[in-house]
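These are my notebook entries from going through one structure, element by element. I wrote down what I looked up and what I found.

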Amino acid sequence: MMHLKAIKRSLLAILLLCSASAAIAQNSLFLRDSPLASLAGAELDALLNEINATLDTAEIDTPVAWQTTDGRLTSVWTVTEDYQKGGLSCRKMTLETTSNGETFSTGYGFCKIDKSWLFDLE
């Protein structure tokens, strides 16, 4: 019985180690169909940090504005709902992004694992 517990713990540890690198890729996955997908490097890092901070602190239905340093993209994020999934704290957020005079609006779910908000694939 103890041997089975050790195997389960080892598998869980391996899964957690593998999920760290997958989490980075997953977090930018939700951007692929958005004008925000054009961001790279420091701007992408700033965007993801700000989204994490917004998910941590924003009140429901309180818009938060963000823009690139050169102003070519602006975005307004609004947390619209808190929910639970598999024992995790999750939040839904809408992102309205304006680029070249066009506004794109999308909604996403994010769940908090450890200290990071990860894109909810379902």
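Which side chain does aspartate 120 meet in a salt bridge? Working in what is a predicted model, I found that the partner of aspartate 120 is lysine 85, with N and O 2.5 Å apart. I then looked up where the two sit: aspartate 120 lies in the segment after β5 and lysine 85 in strand β2, so the pair ties together parts that are 35 residues apart in sequence. Aspartate 120 counts as buried at 10% relative accessibility, while lysine 85, at 27%, counts as partly exposed.

**Entry: other salt bridges.** I searched the whole structure and noted six salt bridges. One of them joins arginine 91 to aspartate 82, and the closest N and O atoms of this pair are 2.5 Å apart. I looked up burial for both residues: arginine 91 is buried, because its relative accessible area is 9% and the cut-off for buried is under 20%, whereas aspartate 82 counts as partly exposed at 46%. Another salt bridge brings together the side chains of arginine 72 and aspartate 70, at 3.0 Å from N to O; here arginine 72 is partly exposed, with a relative accessible area of 37%. I also noted that Glu43, Asp70 and Arg72 are joined into one network by salt bridges that share partners.

**Entry: strands.** I followed β2, residues 73-85, and saw that this strand pairs with β3 in the antiparallel sense over twelve bridges. Within this pairing, valine 76 stands opposite glutamate 96 of β3. The two strands make a hairpin with two residues between them, and glycine 86 in the turn has a positive phi of about 55 degrees. Moving on, I found that β3 and β4 also pair in the antiparallel sense, over ten bridges, with leucine 95 standing opposite threonine 106 in β4. Their hairpin again has two residues between the strands, and asparagine 100 takes a positive phi near 50 degrees there.

**Entry: the disulfide.** How many disulfides are there? I counted one disulfide, which joins cysteine 90 to cysteine 111 with an S to S distance of 2.1 Å. The pair links distant parts of the chain, since cysteine 90 is in strand β3 (residues 88-99) and cysteine 111 is in strand β4 (residues 102-113), 21 residues apart. The link is right-handed, with 100 degrees about the S-S bond, and both cysteine 90 and cysteine 111 are buried.

Entry: I checked the length of α2: its 17 residues should span 24 Å at 1.5 Å a residue, and its end C-alpha atoms are 25 Å apart, which agrees. Among the buried residues of α2 I listed Leu44, Leu47, Leu48 and Ile51. The largest nonpolar core has 18 residues, of which Leu47, Ile51, Met93 and Phe110 touch the most other members. At least two residues of this core come from each of α2, β2, β3, β4 and β5, and α2 gives the most, with five.

**Entry: two residues in detail.** Leaving aside neighbours within four places in sequence, I found methionine 93 in contact with residues including Ile51, Trp77, Thr78 and Phe110. Threonine 78, which lies in strand β2, is buried with a relative accessible area of 14%. Not counting residues up to four places away in sequence, threonine 78 touches Asp61, Thr62, Pro63, Lys92, Met93 and Thr94.

Terms used. Residues are numbered from 1 along each chain as its sequence is written. This is a predicted model: local features need pLDDT of at least 70, side-chain atom pairs count only at pLDDT 80 or more; totals for chains, interfaces and linings use all residues. Side-chain values use heavy atoms; hydrogens and water are left out. A disulfide is a pair of cysteine sulfur atoms within 2.5 Å. Helices (H or I, at least four residues) and strands (E, at least two) are DSSP runs, numbered from the N terminus. Buried means under 20% relative accessible area, exposed over 50%, partly exposed in between (1.4 Å probe, protein chains only). Two strands pair if DSSP finds at least two bridges between them. A nonpolar core is a set of buried Ala, Val, Leu, Ile, Met, Phe, Trp, Tyr and Cys residues joined through side-chain atoms within 4.5 Å. Contact means heavy atoms within 4.5 Å. The expected span of a helix is 1.5 Å times one less than its number of residues. A salt bridge is a side-chain nitrogen of Lys or Arg within 4 Å of a carboxyl oxygen of Asp or Glu.
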